[in-house]
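Thanks for coming. I have one structure to go through today, and I will keep to what can be computed from it. Here it is on the screen.

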Amino acid sequence: MLTRLTLAAALASLQLPTSLLAQRAAAATATQSSAVCDGSEIRRIERWRDVGGTLFVGTALVDLAAVLSVPRDPSGAQVMPRRVRFVLGTAPVALAGYLIAVNAYPHAGFWRRTLSRLKVGETTSADVRTCLHRPAVATTTGTDAWWTYLTSRPRPLGGGVLSAVRLSFHDGVLAEVRQTEVTHQAAGHGATTPATTEVAERHHELCIPPAP
């Protein structure tokens, strides 16, 4: 009898750590599944955008100062050619900064992965903020919020299709995901109802009022 009790106690002591490990693994899996992403991709893009913007703006300011420093007297005719050569020499730096800033934008694959991880009724606004950072447009009414992120790179000169995703939150929890595409022609003609594409299985059972 004593032997049986000893064996039962030994088995129980072995099962306890195993159950604790299983619970911890399940909790870790649930936490990982609720997260959208760690935000590292957006941070990297923001750093490159800052670098490009600094190069472009900094070079433009230096060039402007060089032009404005030309004497406004007859001696300026001798200084101006040197200033022009200086501006032409720094033009590639400004162009490189501009191209870096314009192209510092999440690629289509990033948005596909991110949108596929959004879970209506589970993903929180904090998860989205951690992953995507600040939205391009944010609207809040009471416990409801609407965040809009641009999912295609805006073209500096316009044209093409501008894509965006609109996330609706109720009490800080994702309630709806809506993808929208606006053509340059529609925007130019003042269209007020752009074509929208709703993502499949992205609606919560709650009835979310339209954005004001």
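**Thr151 and its surroundings**

Setting aside neighbours within four places in sequence, Thr151 is in contact with Tyr105, Trp111, Ser163, Ala164 and Val165, where contact means heavy atoms within 4.5 Å. Before going on, a note on the source: this is a predicted model, in which local features need pLDDT of at least 70 and side-chain atom pairs count only at pLDDT 80 or more, while totals for chains, interfaces and linings use all residues. Residues are numbered from 1 along each chain as its sequence is written, and side-chain values use heavy atoms, with hydrogens and water left out.

Where does Thr151 sit? Thr151 is in the loop between strand 2 (144–150) and strand 3 (161–170). Helices (H or I, at least four residues) and strands (E, at least two) are DSSP runs, numbered from the N terminus. Is Thr151 buried or exposed? Thr151 is buried, at a relative accessible area of 16%; buried means under 20%, exposed over 50%, and partly exposed in between, with a 1.4 Å probe and protein chains only. A polar atom of the Thr151 side chain lies 3.5 Å from the backbone nitrogen of Ala164.

Tyr105 comes up again at the largest pocket. That pocket is lined by 20 residues, and Arg49, Tyr105, Pro106, Arg134 and Leu150 lie nearest its centre. A pocket here is an open set of points on a 1 Å grid over the protein atoms alone, where a 1.4 Å probe fits, with protein on both sides within 12 Å along at least five of seven lines; lining residues have an atom within 4 Å of a point. Helix 2 (40–68) gives the largest share of the lining, four residues.

Now the largest nonpolar core. It has 19 residues, and Leu118, Val128, Leu132, Tyr149, Leu167 and Phe169 have the most contacts inside it. Such a core is a set of buried Ala, Val, Leu, Ile, Met, Phe, Trp, Tyr and Cys residues joined through side-chain atoms within 4.5 Å. Helix 4 (108–117), helix 5 (125–132), strand 2, strand 3 and strand 4 (173–183) each supply at least two residues of this core. Leu167 touches, among others, Leu118, Val128, Tyr149 and Val177, not counting residues up to four places away in sequence.

Last, the whole chain. The protein chain has six helices and five strands, in the order α-α-α-α-α-β-β-β-β-α-β. Of its 212 residues, 25% count as buried.

Methods:
A polar contact is a pair of N or O atoms within 3.5 Å; within protein, one must be able to donate a hydrogen and the other to accept it, and residues adjacent in sequence count only if both atoms are side-chain atoms.
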